[in-house]
Amino acid sequence: MISGDNKFIQEAIKQAKKSFIKGEVPVGSLIVRDGKIIARAHNMVESANDATAHAEILAIRKASKKLRNWRLVDTVLYSTVQPCRMCVQAIRQARIPEVVFGCRSPVQGNAGEIAGDTPTINPARAEGHRDECSRLMKDFFKGARKRKADITENRCRGGELKMGCGKKHGKKKKAKK
């Protein structure tokens, strides 16, 4: 891994951890130009109530504002996770020529799979951080499944079968003698 890539993906991981703490999907991104970070962001979909508030999109917005130009040529976008289809389109529109990411996303990742003028995708350059980036995602979704199960269990009171719960909760019938 190129030493600059190591430093930048570590910074993206710091951003992802901010998302994790806030209960957001832990994705962090940053945009680098001439070896300097010009924008950093983390997912804020839930807290902003905005389906487009992905880390990559927010980093693009910040970088565009800072440079006073929506064309982000001569930049590199670093992300802890492979960008989704929406983010790849935004990366393409912003003219970002290169993307480096920490781990692949089996569900959302489509970077490099969209025909046309796509940016250069370099997962191998962040290969040393794949396990750390992947672990953040796994830990988040493991916790999310547990929180969902706890919520479902709390909804099931009073003997009614509620939507989302496969158990009947109520008074136990006494066995006949």
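What joins the side chains of H42 and Q15? In this predicted model, the answer is a polar contact of 3.3 Å. Let's start from H42 and look around.

You will find H42 in strand 2, which covers residues 36-42. Is H42 buried or exposed? Its relative accessibility is 10%, and residues under 20% are classed as buried, so H42 counts as buried. If you set aside residues up to four places away in sequence, H42 touches Q15, K18, S19, K22, V27, G28, A55 and L58.

Now let your eye move to a pair of helices. Helix 3 spans residues 55-67 and helix 4 spans residues 85-93. How do they pack? Their axes lie 9 Å apart, at an angle of about 20°. Angles under 35 degrees count as roughly parallel, and the two helices are therefore described as roughly parallel to each other. Their crossing is left-handed.

Which residues meet where helix 3 and helix 4 come into contact? From helix 3 come E56, I57 and I60, and from helix 4 come M86, C87, A90 and I91. Sorted by class, this contact has 6 nonpolar residues and 1 charged residue, with no polar ones.

Conventions: Residues numbered from 1 in each chain as written. Predicted model: local features only at pLDDT ≥ 70, side-chain atom pairs only at ≥ 80, totals over all residues. Heavy atoms only, no water. Axes fitted to C-alpha atoms, helices over the stretch in contact; angles between N-to-C directions. Helix = DSSP H or I, 4+ residues; strand = E, 2+ residues; numbered from the N terminus. Parallel < 35°, antiparallel > 145°, perpendicular 65-115°, else oblique. Left-handed = near helix turned anticlockwise from the far one by under 90°. Contact = heavy atoms within 4.5 Å. Nonpolar A, V, L, I, M, F, W, Y, C, P; charged D, E, K, R; others polar. Buried < 20%, exposed > 50% of the residue type's maximum accessible area, 1.4 Å probe, protein only. Polar contact = N/O pair within 3.5 Å; in protein donor to acceptor, adjacent residues only side chain to side chain.
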